[in-house]
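Subject: Handing over a structure

Dear colleague,

I am passing on a structure for you to look through, with some notes on what was found in it. Please keep the model open beside this email while you read.

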Amino acid sequence: MSSYWSELTASLVPYVPGEQPKDQRYIKLNTNENPYPPSPKAIKAIQEAANADLRLYPDPTCEDLRVVLADYYGLSKEHIFVGNGSDEILAFAFPAFFSASKPILFPDITYTFYPVYAKLYGLPYETIATDDSFNIDPAMYRIPNGGIVIPNPNAPTARYMLTDYLREILDANREQVVIVDEAYIDFGGESVVPFVKDYPNLLVVQTLSKSRSLAGLRVGMALGHPDLIEGLNRIKNSFNSYTLDRLALAGAVASIEDRVYFEETNRKVIATRERSCEAVRQIGFEVIESKANFLFMTHPSQSAKEIFATLKDRGILVRYFDKPRIERYLRVSIGTDDEMDAFVAALREIA
Ligand code: PMP
């Protein structure tokens, strides 16, 4: 351990991202990327933006992108904040809206970045217990708290919560900020973005990483009341006032504008998910019903850790979590039909 570290650094247990192997031959189903390329229009826009203007700083307000997003969501640009992936937006939102006096609430099984941010900023948190099938009872969000983070669908469980339940949680928690992390919402779930106009304490976070195939570009967005957006801007401008670079801004605008491509690729991912879910159930796996671009699955008798290792030996990467309550599960991102057929064929031989 470095003697130069602060006490904070020494105490941190940072988030560990999924493996990104250099070997391109893997069938990569481990980090919930989209198997299809980004919109060709987005790629062209990025290529065209790679020009002499890169000597200039980008627009610190990311206005063009916010205008396009406002049009897409039926809001105004004052309701929109953009960042380098939704991870960065969450990293700004924690210090912007939560404080040390009352705990933040998030589910016990959820995206591991939430506790990482809470610890980084010295913010207390309490977890909401999920049941054996990882469902969450909205009534549990009635305990005193200083803010709430709900991923919908949840990760890594894929559990989806109906918007009526989210409204119930919002109604019971009007005094504090409720963040709904909709990283996976485009794969069949219903978004709470239309609630933004009714709840000034609601911040919806989305990303271009999953349904727009742009994980490599790092673009996320937050939608909420202009006061919340102003809070995020204060934190952002205290770190780095230039958020997205020129290439990311150009690519993100073109991606949002290409609705036809977006809908077509999402339809394909959803169809492949349903087929794959059925196929692995037939092999004997229990699979949580998914409205995300991944499956969370367990075998009643076989070790997930061993299946993970055998699949890896065969060139198929999935995600295994060595954590209490989910150590019997695998999280499998939805690939192309061919990739999923190869995955199912390998499982048939193993399981
Ligand atoms: N929220 C959830 C629930 C996620 O699973 C992820 C992806 N790992 C993110 C946010 C972050 O996505 P990104 O930073 O690529 O937008």
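Isoleucine 270 is found in helix 9 (residues 259–283), where helices (H or I, at least four residues) and strands (E, at least two) are DSSP runs that are numbered from the N terminus. Isoleucine 270 is partly exposed because 17 other C-beta atoms lie within 10 Å; a residue is called buried if 20 or more other C-beta atoms, placed from the backbone, lie within 10 Å of its own, exposed if 12 or fewer do, and partly exposed in between. From isoleucine 270 to lysine 291 the distance is 8.1 Å, C-alpha to C-alpha, while the two are 21 residues apart in sequence.

Before going further, please note how the model should be read. Residues are numbered from 1 along each chain as its sequence is written. The model is predicted, and local features need a pLDDT of at least 70, side-chain atom pairs count only at pLDDT 80 or more, and totals for chains, interfaces and linings use all residues. The mean pLDDT of the protein chain is 97, with 100% of its residues at 70 or more, where pLDDT is the predictor's confidence in each residue, from 0 to 100. The scores of the model are ipTM 0.99 and pTM 0.98.

Turning to the whole chain, the protein chain has eleven helices and 13 strands. Its radius of gyration is 20 Å, close to the 20 Å that the globule rule gives for 351 residues, so the protein chain is as compact as a globular protein of that length; the radius is taken over C-alpha atoms, and the rule is 2.2 Å times the number of residues to the power 0.38. The C-alpha trace spans about 55 × 50 × 50 Å along its principal axes, and 46% of the 351 residues count as buried. Among the contacts in the protein chain with a separation of 6 or more, 72% come from residues 24 or more positions apart.

Strand 10 (residues 294–298) and strand 13 are antiparallel and share five bridges, with phenylalanine 296 opposite arginine 331 and phenylalanine 294 having serine 333 as its bridge partner. Strand 12 (residues 319–320) is joined to strand 13 by two bridges, again in the antiparallel sense, and arginine 319 has arginine 331 as its bridge partner. In a regular strand the side chains alternate between the two faces of the sheet. How many residues of strand 13 (residues 329–333) are buried? Five of its five are, with Tyr329, Arg331 and Ser333 on one side and Leu330 and Val332 on the other.

Next comes the ligand. The residues around it are Gly85, Ser86, Asp87, Tyr111, Pro151, Ala155, Asp181, Ala183, Thr207, Ser209, Ala215 and Gly220, and a residue belongs here if its C-beta atom, placed from the backbone, lies within 6 Å of the ligand. Helix 4 (residues 85–97) gives the largest share of this shell, three residues. By class the shell has five nonpolar, five polar and two charged residues, with Ala, Val, Leu, Ile, Met, Phe, Trp, Tyr, Cys and Pro counted as nonpolar, Asp, Glu, Lys and Arg as charged, and the others, Gly among them, as polar.

Finally, there are some backbone details to inspect. Most residues other than glycine have a negative phi, and most peptide bonds are trans. A cis peptide bond joins asparagine 152 to proline 153, with omega about -5°, and another cis bond joins alanine 155 to proline 156, with omega about 5°. Proline 153 lies in the loop between strand 5 (147–151) and helix 6 (163–172), and proline 156 is also in the loop between strand 5 and helix 6. Asparagine 32, in the loop between strand 1 (27–28) and helix 2 (40–49), has a positive phi near 55°, and it is buried, with 21 other C-beta atoms within 10 Å. Cysteine 62, in the loop between helix 2 and helix 3 (63–73), has a positive phi of about 50° and is buried, with 24 other C-beta atoms within 10 Å.

With best wishes

Methods
Contact = placed C-beta atoms within 7 Å. Pairing = 2+ DSSP bridges.
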